[in-house]
Amino acid sequence: MTVTLRPYQQALIEGGREAYRQGANSVLFCLPTGGGKTVTASTIVHGAAQRRNTVWWLCHRRELVAQASRTFYDLGIPHGTVQAGHVSDPRALVQVGSIQTVANRLDQLPEPGLIIFDEAHHIGAGSWDALFHRFPRARKLGLTATPWRLDGQGLGRWFNVMVEGPTVAELIEAGALSPYRYFAPSKPDLSAVGITGGDYQRGALSQAMARPQIVGDAIEHYRNLCPGKRAVAFAAGVENSMQIAAQFNAAGIPAEHVDGSMSAEMRDAAVERFKAGQTLILSNADLFGEGFDVPAIEAAILLRPTKSLSLHLQQCGRALRPIEGKTAIILDHAGNIDHHGLPDDVRQWDLADREKRRKGEVAEVTTRQCKNCFYVYRPAPKCPGCGHVPEVVAREIEVVEGTLAEVRKSEIRSITRETSPREISTLEGLRTLARLRGYKRGWASHVWKERLAKGRAA
Ligand SMILES: [Zn+2]
């Protein structure tokens with residue numbers, strides 16, 4: 001089977017080639033979830049193998065190994081897989097494996113000329129980093145939708161050049177991802193949950209999310225907003241995921257739990273029932289978050305709060321796979337919108353550390369939420385979900401936020417703790433100052449509103 005790449009996918013490949021030609025040794029492709037990065041990079045694998053180059057394709061979970069292997073079969077790329085216990089074909093030029101298994105079988109494999117790191121935002125993890133540096137002469141290619149790490153380290157330590165594909169908004173516009181409606185009906189109380197390694201502690205998080213009322217809310221809003229749609233629920237843990245499935249079933253909505261410890265047959269059977277619509281809710285803890293693709297998802301139910309933008313975008317991205325006529329529904333019961341914004345907010349990525357640059361800085365306007373139907377939307381005169389018109393006070397703020405689109409980035413970057421508020425001409429700038437000085441929430445918009453009021457009086 002030959003594959004016809006979309007123009008932006010072709011452009012990524014060209015960009016990568018150019019970077020290598022100019023002397024880069026490691027290149028990072030940045031493409032949103034659903035943009036087809038596996039297929040795009042497969043074309044590179046194919047070309048390299050045809051030139052008798054040895055290629056390693058490294059993932060961090062076995063589901064992703066199986067998925068890459070399937071793609072290679074479909075594209076007619078001969079390859080071996082490296083699995084716990086054995087190497088299927090050590091002489092194949094292309095090898096697909098998880099980082100761990102490959103790291104354990106280095107002696108059985110020919111030295112790589114090209115190493116591809118799937119989900120490359122994990123590159124700083126010990127085993128990844130070790131493998132990266134073990135073959136200094138090999139070219140490296142990283143693939144990711146979110147090129148930054150929870151600990152703030154930029155990926156510039158590993159990759160010389162980043163080649164960016166289209167944004168989520170552009171992919172939606174082009175029909176490569178489906179449009180969506182985002183609702184944030186409730187927020188969990190996470191005051192008792194600590195942070196480890198930059199994200200919520202799993203055990204405490206599962207406990208916080210295990211209250212029946214939380215899932216009860218999700219069921220109620222599923223019924224109201226997307227009844228009968230096939231939805232994937234993202235849970236805080238395996239046990240939590242089982243509870244979610246059980247509670248939906250008890251409410252008469254057919255649901256199943258799936259996890260990575262199940263056999264491939266069991267999982268595939270569950271996915272088949274989901275595709276057929278016999279099962280409406282497929283609940284999981286980690287399985288579908290990253291990479292593992294299930295077509296036919298019409299809605300996502302977020303029940304796993306996370307500080308990881310990568311995870312948030314991947315979970316939302318699962319629902320955006322396009323089907324004719326589909327508008328995806330995202331029900332956020334995890335409060336993730338507050339940390340990470342909407343899936344198609346424009347983010348400015350770069351390879352620098354985050355002390356220098358705010359993480360995935362959102363360059364667009366902030367969102368507002370409808371009090372009536374919980375729809376989360378960009379400032380507009382009325383709610384696109386139900387037509388509700390927010391009261392007058394809120395509309396004034398809306399106008400204020402509209403000006404954010406024209407924020408001058410250079411001004412914001414020059415702001416320090418010492419900058420006087422009077423030197424700052426935008427609301428976003430005032431917010432930056434407030435953050436730097438540790439001022440209370442609301443200070444910036446208060447100053448801004450006062451200014452607007454004065455401006456009108458003058
Ligand atoms: Zn509304």
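Which strands does helix 11 lie across? Let's start there. Helix 11, residues 309-318, lies across strand 12, strand 15 (299-302) and strand 16 (328-332). Against strand 15, helix 11 runs at about 145 degrees. Quick reminder before I go on: this is a predicted model.

We've got 6 strands in an open sheet, and the order goes 9-16-15-12-14-13, with parallel pairing. At the edges sit strand 9 (180-183) and strand 13 (255-258), each pairing on one side only. Going from one strand to the next, the twist averages 20 degrees.

Let me zoom in on one pair. Strand 12, residues 231-234, and strand 14, residues 281-284, run parallel and are joined by 4 bridges.

Helix 9, residues 238-250, lies across strand 12, strand 13 and strand 14, and its direction is about 170 degrees to strand 13.

Now, the packing. The largest nonpolar core has 108 residues, and the ones with the most contacts inside it are Ile-116, Ala-300, Ile-301, Leu-303 and Ile-330. Domain 1 (7-167) and domain 2 (180-345) both contribute residues to this core, so it lies between them.

Take Ile-301. Setting aside neighbours within four places in sequence, Ile-301 is in contact with Ala-218, Tyr-222, Ala-231, Ala-233, Phe-234, Leu-331 and His-333.

And one last thing: there's a second, separate core of 6 residues, including Leu-427, Leu-433, Ala-444 and Trp-448. Okay, over to you folks.

Methods. Residues numbered from 1 in each chain as written. Predicted model: local features only at pLDDT ≥ 70, side-chain atom pairs only at ≥ 80, totals over all residues. Pairing = 2+ DSSP bridges. Helix = DSSP H or I, 4+ residues; strand = E, 2+ residues; numbered from the N terminus. Axes fitted to C-alpha atoms, helices over the stretch in contact; angles between N-to-C directions. Contact = placed C-beta atoms within 7 Å. Core = buried A, V, L, I, M, F, W, Y, C linked by C-beta atoms within 7 Å. Buried ≥ 20, exposed ≤ 12 C-beta atoms within 10 Å, placed from the backbone. Domains from an automatic or database assignment.
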